[in-house]
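Please open the model below in your viewer and keep the selection tool at hand. The stops follow one after another.

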Amino acid sequence: MTAHPSAPSRATRPVRPAGTPAIQLRGAQVRFGERTLWDGLDLDVAPGEFVAVLGPNGSGKTTLVRVLLGLQQLSAGEVRIAGAAPRRGSPMIGYVPQQKALERDLPLRGRDLVGLGLDGHRFGLGLSGRAARRARVDAALAAVGGTPYANAPVGQLSGGEQQRLRVAQALVGDPAVLLCDEPLISLDLAHQRTVTDLIDARRRTADTAVLFVTHEINPVLPLVDRVLYLVEGRFRVGPPSEVMTSEVLSELYRTEVDVLRVRDRIVVVGAEHAGAHCHPEPEPLP
Amino acid sequence: MIELLERLFTFEGLGRQLTLDFVQNAFLACAVLGLAAGLLAPLIVARGMSFAVHGTAELAFTGGAAALVAGVSVGLGAVAGALTAGLVFGLLGLRQRERDSVIGVVLAFGLGLGVLLLSLYKGRSSNKFGLLTGSIVSVDSTDLTVLGIVAVVVIATLAALYRPMLFASTDPDVAVARGVPVRTLSVVFAMLVGLTTALAVPIVGAILVLSVMIVPGAAAARVTASPVRATLLAVLFAEIALLGGVFLSLAPGLPVSGYVAALSFLCYLGCRLVARLRGRATVAA
């Protein structure tokens with residue numbers, strides 16, 4: 001994958017060296033005691049590229065996210081975010097979590113949630129530069145269509161509206177990498193579509209690399225450049241047409257798995273039980 | 001009925017009382033306490049820590065009772081008890097279910113121990129009840145100094161940590177991802193709550209600490225979702241309850257805590273009414 005040279009660059013974006021991968025993993029390994037989650041993972045994600053991370057529960061998808069966020073050390077190998085080592089609170093990374101119901105009486109408005117994404121990790125009251133801050137928050141809200149409910153209590157918004165705010169919260173700091181950890185869970189189809197469209201638009205206009213952890217590839221299939229498929233320490237990286245095949249998945253799961261293409265969807269049959277001993281819920285791959 | 005009302009709401013001799021030193025001390029102490037409690041209240045509500053504050057207050061009571069029996073400063077005992085509770089509850093983090101039961105266990109033990117200690121105490125009985133129901137007579141200049149120091153510590157800590165504290169309190173998952181030390185902040189916050197609670201216990205009493213630590217924040221959350229406005233309103237409500245409570249309790253010579261609790265409850269009812277009139281349970285700021 002290559003960068004999109006035609007993508008417009010904005011004055012507010014930090015300068016990044018040209019040709020540097022947004023994410024770079026070299027021989028990456030994570031171990032917890034005796035258990036090796038994955039080993040020898042090499043992955044370069046280019047600016048503007050959309051990589052889906054798939055695999056059963058317990059295969060280390062969330063751990064990969066934690067490594068990139070600087071919350072988990074590699075046991076071996078190297079990781080770089082836009083050329084630098086990951087660190088907590090890095091402005092290079094935006095993070096979209098799973099949609100979780102917020103308390104109805106949470107004393108927080110939509111714009112506060114987005115604002116926390118910009119400077120919530122900083123010390124002090126943040127009294128200087130308030131006008132510039134407000135402008136950035138307003139712009140991020142407008143970009144996700146969240147302006148109409150910017151001043152509403154977040155706990156009283158719908159799941160879809162909350163998740164749009166989550167995208168704005170992740171993007172307001174103008175990150176080089178957008179990490180999405182199952183952001184579509186518990187959203188209906190229309191809202192899933194809205195969220196994926198927002199993320200797609202962003203990576204096309206601002207060259208933001210997207211690492212999208214999901215158990216279900218279909219909602220993002222049209223956007224995916226490459227797939228990282230993890231199963232019990234084994235993994236495969238490549239375009240969906242190369243990875244999402246009966247042969248490759250059978251090898252990864254070490255059992256017979258059939259991958260069917262029905263219209264524009266991918267249906268995986270046989271993987272539900274293959275990894276069952278390492279994840280409590282069956283994988284809802286339709 | 002009329003007699004009862006006259007007993008509860010009298011202003012006889014109020015003018016003279018207002019010139020007394022201990023009365024002025026009480027007003028000053030309550031003003032400072034209201035500021036600290038009001039600043040913390042919206043965050044306590046956001047973190048769902050009402051029960052933890054109650055538990056902290058009961059352990060402050062236990063500490064105070066132990067100090068009374070040991071013959072050392074009751075205030076110091078209360079601070080020690082509340083800080084211990086704060087440390088324990090802070091380490092429990094934000095996992096609601098586990099936290100709930102642990103607080104219940106610690107609270108029950110602390111309260112029982114406190115009652116036992118009080119019955120061992122041979123001194124004046126007003127000292128005993130002072131811890132449970134509060135008393136403004138007890139405020140002296142040493143207490144004022146300690147209150148002032150604690151207020152400065154609370155304000156300075158909040159000023160330095162306000163944004164990460166708000167982030168960790170309202171949106172802990174993303175806060176962790178953004179590198180906010182959520183667990184450390186949880187302990188720091190519980191310590192601030194413990195300090196403030198410990199100072200509130202001798203004034204409003206262990207039982208009624210919630211009326212200044214929680215109610216102002218809960219009331220504010222009814223009418224605004226803006227963190228800044230909620231904080232300003234909570235300080236206002238805490239001051240109304242505390243200063244108004246002292247003022248109303250002076251002439252009748254009755255415990256201040258009942259008036260404080262009633263006034264803060266009225267603030268809460270008023271906020272609910274405003275929210276209802278606006279047509280929603282909680283309204284955008």
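This is a predicted model: local features need pLDDT of at least 70, side-chain atom pairs count only at pLDDT 80 or more; totals for chains, interfaces and linings use all residues.

A nonpolar core is a set of buried Ala, Val, Leu, Ile, Met, Phe, Trp, Tyr and Cys residues joined through C-beta atoms within 7 Å.

**The core.** Select A:Val177, B:Leu33, B:Leu40, B:Val209, B:Val212 and B:Met213: these have the most contacts inside the largest nonpolar core, a set of 181 residues. Within chain A, colour domain 1 (21–92 + 175–238) and domain 2 (102–174) separately; each gives at least three residues to this core.

**One residue of the core.** Centre on B:Leu33, one of the residues with the most contacts there. Which residues does B:Leu33 touch, leaving out those up to four places away in sequence? Show B:Leu147, B:Leu199, B:Ala200, B:Ile203, B:Val212 and B:Leu242.

**The contact between the chains.** Next, select the 27 residues of chain A and the 28 residues of chain B that make up the contact. On the chain B side, helices H3 (21–46), H8 (141–170), H9 (172–177) and H13 (227–250) are the elements that give two or more residues. H8(B) has the largest share, with nine residues. Coloured by type, the chain B side shows 20 nonpolar residues, four polar and four charged.

**Confidence in chain A.** Finally, colour chain A by pLDDT. Its mean is 85, and 89% of the residues reach 70 or more. Select residues 1–15 of chain A, where pLDDT stays under 50 and the model has 20 contacts beyond four places in sequence.

Notes:
Residues are numbered from 1 along each chain as its sequence is written. Chains are lettered from A and ligands numbered from 1 in the order in which they are written. Two residues are in contact if their C-beta atoms, placed from the backbone, lie within 7 Å. Helices (H or I, at least four residues) and strands (E, at least two) are DSSP runs, numbered from the N terminus. Ala, Val, Leu, Ile, Met, Phe, Trp, Tyr, Cys and Pro count as nonpolar, Asp, Glu, Lys and Arg as charged, and the others, Gly among them, as polar. A residue is buried if 20 or more other C-beta atoms lie within 10 Å of its own, exposed if 12 or fewer, and partly exposed in between; C-beta atoms are placed from the backbone. Domain bounds come from an automatic or database domain assignment. pLDDT is the predictor's confidence in each residue, from 0 to 100.
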